[in-house]
Amino acid sequence: MKIGIIGSGAMGTGIAQVAATAGNEAVIYDSNPAALEKAKNQLHATLNKLAEKGKITLNEAGHIFGRIFFGTSLHSFTDCNIVVEAIVEDLGVKQKVFQEIEEVVSPHCILATNTSSLSIASIAAACKIPGRVIGIHFFNPVPLMSLVEIIPAIQTEKSITEKAIEWVAFLKKDGVLAKDTPGFIVNRVARPYYGEAIRIMEEGIADCATIDKAMTETGGFKMGPFTLMDFIGADVNYRVTESVWQQFFYEPRFKPSFSQKRLFEAGYFGRKSGKGFYDYSEGAIQPEANPDKALASNIFRRIIVMLINEAAEAVLFQIGTPHAIDLAMTKGVNYPKGLLRWADEMGVASVVAELDALYDLYREDRYRCSALLRKMAAENKNFY
Ligand SMILES: NC(=O)c1ccc[n+]([C@@H]2O[C@H](COP(=O)([O-])OP(=O)(O)OC[C@H]3O[C@@H](n4cnc5c(N)ncnc54)[C@H](O)[C@@H]3O)[C@@H](O)[C@H]2O)c1
């Protein structure tokens, strides 16, 4: 199979590496020749490094690199079976590029987009054959993250979805089917990890360090929410938050915070700018976490029930199956456990009780418990 990849940035380069490693021929093209050259050097260096570390032989590295071609125009995609688009996150630009690709590929070629936030239906709508357009959403860094969300649009033909699932399995990735709704699974279900953490901080219940420690030590998460937001960058994370909220017709559960908006406006993008929720400048004094164990437990439980509520809403609205949602959060953002499995372990009734207590206190829609959880608690049911 021959895979075309348009856009040789972080994602396109990773997708090319993974496809060629699995045995596909991959042709990658970027409208910016410097970006393509950079991708070429990077792929060469990465494969050599893997060989040095003994993960693959030098011979294999050579074969993998030999399966990657660097195109000079869209015409390089003529005989591709699948073209994956990983260019700038702009609907107009993506639609135009899809129309141009349609002119050069065969009618049987699958057209996939790696978009994180745009609707697949809106990209498909610009095409002559919308039924062959699908979302295939990889996670960064592509070679390390095994999750891939497969998102058929309402126009996508069933056979295209089946072929996309087959290809993702061929790449030895964990494919999950997700509905074409904002944030798909991961970028939707993960919102409270950031939003509720910021809310707790804004109310003065605890500071960043205390909340981060509660989530890593009590919750077992790899990175606390503030460390993670600083790592992602307020520019990216704030934009995603705002976009998901707007696309959900201003659903209060997804409402962004002023704290993050101000960091975004100030250019305090986290690690990359030297300042975010934390100060990364040399010699900066880092805040110390409050050692109070009861406080840590309260913080953890508040954030985890909000995450479980979001995962339950995603099941209720059939964004994904419970299995797909748990797989997505463990493989896409490295959660220590699936949220719905966590709900079973905590007891669905106790999750409902904690959400209701928050709702009673605040009387905000943000804290309303999912009807699915309430129904399950009443029927004494578990997800698994
Ligand atoms: N970076 C992530 O963490 C991540 C994760 C999942 C999905 N995505 C999505 O993947 C896509 C790419 O993201 P990225 O981080 O790799 O971006 P990037 O900025 O690193 O790379 C994009 C590349 O596309 C090229 N490009 C732009 N317009 C083009 C055009 N018209 N024709 C050909 N090439 C063009 C640019 O020159 C650039 O090299 C976006 O849709 C993004 O939302 C990103």
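Helix α1, residues 10-22, has 13 residues and reaches 19 Å from its first C-alpha to its last, close to the 18 Å expected at 1.5 Å a residue. That expected span is 1.5 Å times one less than the number of residues. Helices here are DSSP runs (H or I, at least four residues), numbered from the N terminus. Please keep in mind that this is a predicted model: local features need pLDDT of at least 70, side-chain atom pairs count only at pLDDT 80 or more, and totals for chains, interfaces and linings use all residues. Residues are numbered from 1 along each chain as its sequence is written.

**Helix α1**
- Of the 13 residues of α1, 11 are buried, so this helix is largely enclosed by the rest of the structure.
- A residue is buried if 20 or more other C-beta atoms, placed from the backbone, lie within 10 Å of its own.
- Among the buried residues of α1 are Met11, Ile15, Val18 and Thr21.
- Glycine 23 follows α1 and has a positive phi, near 120°.

**Around the ligand**
- The ligand is surrounded by 23 residues, and the closest are Gly7, Gly9, Met11, Ala35 and Asn140; a residue is near a molecule if its C-beta atom, placed from the backbone, lies within 6 Å of it.
- Both α1 and α4 (91-104) supply at least two residues each to this shell, and the largest share, 3 residues, comes from α1.
- By class, the shell has 11 nonpolar, 10 polar and 2 charged residues.
- Ala, Val, Leu, Ile, Met, Phe, Trp, Tyr, Cys and Pro count as nonpolar, Asp, Glu, Lys and Arg as charged, and the others, Gly among them, as polar.

**Where α9 meets α10**
- The axes of α9 (residues 208-218) and α10 (residues 225-232), which are lines fitted to C-alpha atoms over the stretch in contact, come within 7 Å and cross at roughly 105°.
- These two helices are therefore roughly perpendicular to each other, a term for angles of 65 to 115 degrees.
- Cys208, Ile211, Asp212 and Met215 of α9 make the contact with Pro225, Phe226 and Thr227 of α10; residues are in contact if their C-beta atoms, placed from the backbone, lie within 7 Å.
- This contact has 5 nonpolar, 1 polar and 1 charged residues.

**Alanine 314**
- Alanine 314 sits in helix α13 (residues 293-316) and is buried, with 28 other C-beta atoms within 10 Å.
- Not counting residues up to four places away in sequence, alanine 314 touches Ile185, Arg188, Val189, Ile319, Gly320 and Ile325.
- Serine 370 is 56 residues from alanine 314 in sequence and 9.6 Å from it in space, C-alpha to C-alpha.

How values were computed
A residue is buried if 20 or more other C-beta atoms lie within 10 Å of its own, exposed if 12 or fewer, and partly exposed in between; C-beta atoms are placed from the backbone. Axes are lines fitted to C-alpha atoms, for helices over the stretch in contact, and angles run from 0 to 180 degrees between N-to-C directions. Angles under 35 degrees count as roughly parallel, over 145 as roughly antiparallel, 65 to 115 as roughly perpendicular and the rest as oblique. Two residues are in contact if their C-beta atoms, placed from the backbone, lie within 7 Å.
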